[in-house]
Amino acid sequence: MAEMRYREALNQALAEELERDPNVYLMGQDISVFGGAFKVTEGLMDRFGEKRIRDTPISENTIVGLGVGSAMTGLRPVIELMTINFSLLALDQIINHAAHVRYMFGGQVSVPLVVRMPQGAGHQLGPTHSHSFEALYLHVPGLLVAVPSTATDAKGLLKTAIRDDNPVIFIEHETLYGQRGEVPDDPDFTVPFGLAAIRRAGSDVTIIGISRMAQTAERAAEQLAADHGIEAEVIDPRTLRPLDLDTILESVAKTNRCVIVEEGWPHGGVGANLAALIQEQGFDDLDAPVGRVTGVDAPMPYAKSLEQISFPHEEQVIEATLALFGDRKRASRG
Amino acid sequence: MADRPLPPPETAVEWLESMTLIRRFEERAGEQYTRAKVGGFLHLAIGEEATIVGAVAALRPTDYMIATYRSHGQALARGSEPGRVMAELFGRVDGLCRGRGGSMHMFDLERRFMGGFGIVGGNLPLAAGFGLTSDYLGSDDATLCQFGDGASNQGTFGETLNLAALWSLPVVFMVTNNQFGMGTSLERHSAQTNLQTKGEGFGVPGMQCDGMDVIDTWAVTSEAMRIAREERQPVLVEALNYRFRGHSIADPEDYRSEDEVLEWSKRDPLVTFGDRLVAEGILNDEQREAIDLQAIETVDAAVAFADASPEPEPSSLYDDVYVLSDQVRGWYSADHRGAGVQKGEDLS
């Protein structure tokens, strides 16, 4: 184990997989000479050369399509889009080709492609640069979606993503790059897809946090315990496809209450989707409606005061959780 | 275009056979569409056979070929079994893509026919990707990417040509200029109508061929492929041709005159090339007729094969959405029709 930042864990995962498989290559804007807009690929060009660490022009749709073409013919591209906001320019290639060519060609080819990109609000970048799109990509059959919230998962999930034969949308978070964690340095370490992490054990309520919101949920859970005597079980699904619904349902069967926390918009969000699945498959276990805490249903404003109330913080998670318990717990709120 | 010499007789006959097969196949596909055996859209390549056969003849078996939603002919020219192409149109299990793709999405990996693609301009980046693989693996395979004049206005056209030139990828981009982007004529959709020049600003030199002439198409494409393969220089080839039918079956063709269609039909590539083979003593009239009858017979057999092929099993609906791993315990797919466990789910 070694302590390192989320971005260093990603860097290590990339280096190890580049080392392991000569057909793995990286491409993206400013990833080579510049080392990546968030410095995730720093040093890789010196080590692996320009053939495998490729700077691209600003042509997102074509970069993804090029990656798909090379994946269909035997390579394993790892594409960095500078942020998830720019992936909107590549939706045609991501949805029509990366996600669908295997199916529409009757299984003749696979697309072992990873598209890495960070998302998230909090830097006052306004409506076009603050998106959270895990729900958008979760919507598409054919794609896998990973949302690592810790340095360890960042490394372990990225290695799994690169080894997987499906196209993987790998969503990092801008505010997590600098966070530290204990990360295994064993090159065989991976985190499997479809296995949720229980971040905190508890028996009163299940709180599911997506991407960075897994951390927000954990902090909220500590406050709920301290201030209200509510022991929350915090689950980080880590991958939204494949989805470890079993772990979620088992937890809800125990706690009988559930709150889902995400940074994205409420309509058609991850929480909407999970709430539907939980009520379909765990209705009898529920003592209260499934709660959702989401980003507000508006574009992201620039003003700091407005931006900060546009995505969830601990307070909203605590409030939504208390609402599931009715007045009894609410009354004890400090 | 100057008359180029004929290729060796065997080759010339093969080309005529291939073009005739495509013509008869397309005619029959149109007929099956009107009988509701074929659904969705149906884009026929009648009139464009020389562009298809000439271009494919310039490829090695290991070269990659990629085309558009009008690509039954490309699959046939690459050697795909006509029965399997027809079965795909019928949406049957023996179709090239097991009934998942239909007319617009033919694909035959074994023959490196890398697909028909339904989104205009969407296939260009993929072609560059194939070129990158060839380059990366140090092979001398090259890629031929066909697309229409309408696609030359898409962002992917400029983006891909720029990247292909920047990275010296062995790709030939062939813009099939059939004079119309669906129902909008060339001069109404492109400021630059000399399409072979459209790549120059991106560092991609242009060439032009007579897409109604199989020999000229073959010769120019061959040279372009040589440049791409040996000089690692992408090339843009403009193939001038004309489709004799509408954009799709559902096209009333109000945007062009009968005279124009009639004028172009005088240059029907099957007729002109067949006439020449007879005139130069490669074929007699009987042999020429026999080629046509053979094509009709092949297409008859293709229709029978497609008709006999079963519909895909409902239980196969989720096949190939994902490459499933037995290492993964989570759900890949949620099915709203019930709470039952679907294939690929809960493998713990």
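# Contacts, helix crossing and loops in a predicted model

User: How many residues does the contact take from chain B and from chain A?

Analyst: The contact draws on both chains, two residues being in contact if their C-beta atoms, placed from the backbone, lie within 7 Å. This is a predicted model, in which local features need pLDDT of at least 70 and side-chain atom pairs count only at pLDDT 80 or more, while totals for chains, interfaces and linings use all residues. Residues are numbered from 1 along each chain as its sequence is written, with chains lettered from A and ligands numbered from 1 in the order in which they are written. On that basis the contact takes 41 residues from chain B and 45 residues from chain A.

User: Which helix gives the largest share of the side of chain B that touches chain A?

Analyst: Helices (H or I, at least four residues) and strands (E, at least two) are DSSP runs, numbered from the N terminus. On the side of chain B that touches chain A, at least two residues each are supplied by α5 (123-137) and α6 (155-166) of chain B. The largest share, nine residues, comes from α5(B).

User: How do the residues of that side of chain B divide into nonpolar, polar and charged?

Analyst: Ala, Val, Leu, Ile, Met, Phe, Trp, Tyr, Cys and Pro count as nonpolar, Asp, Glu, Lys and Arg as charged, and the others, Gly among them, as polar. Sorted in this way, the side of chain B that touches chain A has 21 nonpolar, 13 polar and seven charged residues.

User: What is the radius of gyration of chain B?

Analyst: Chain B contains 11 helices and seven strands, and its C-alpha atoms fill a box of roughly 70 × 50 × 40 Å along the principal axes. The radius of gyration is taken over C-alpha atoms, and the globule rule is 2.2 Å times the number of residues to the power 0.38. For 348 residues a compact globule would come near 20 Å, and this agrees with the value for chain B, 21 Å.

User: What percentage of the residues of chain B count as buried?

Analyst: Among contacts in chain B with a separation of 6 or more, 71% are between residues 24 or more positions apart. A residue is buried if 20 or more other C-beta atoms lie within 10 Å of its own, exposed if 12 or fewer, and partly exposed in between, with C-beta atoms placed from the backbone. Of the 348 residues of chain B, the buried part is 52%.

User: Are α1(B) and α11(B) parallel, perpendicular or oblique to each other?

Analyst: The axes, which are lines fitted to C-alpha atoms (for helices over the stretch in contact), have angles that run from 0 to 180 degrees between N-to-C directions. Those of α1 (residues 9-34) and α11 (residues 285-308) of chain B come within 9 Å and cross at roughly 45°. Because angles under 35 degrees count as roughly parallel, over 145 as roughly antiparallel, 65 to 115 as roughly perpendicular and the rest as oblique, α1(B) is, relative to α11(B), oblique.

User: How many charged residues are there in the contact of α1(B) with α11(B)?

Analyst: Residues of α1(B), including L16(B), E17(B), R24(B) and R28(B), meet residues of α11(B), among them D292(B), A295(B), V299(B) and A302(B). The residues of this contact include nine nonpolar and three polar, and the number that are charged is four.

User: In which loop does N256(A) lie?

Analyst: N256(A) is not a glycine, yet its phi is positive at about 65°, and with 18 other C-beta atoms within 10 Å it is partly exposed. Beyond neighbours within four places in sequence, D285(A) is in contact with V252(A), A253(A) and N256(A). The place of N256(A) is the loop of chain A between α9 and β13 (258-261).

User: Which residues does the cis peptide bond join?

Analyst: The loop between β12 (239-241) and α9 (245-255) of chain A holds P242(A). The cis peptide bond has an omega of about -10° and joins R241(A) and P242(A).
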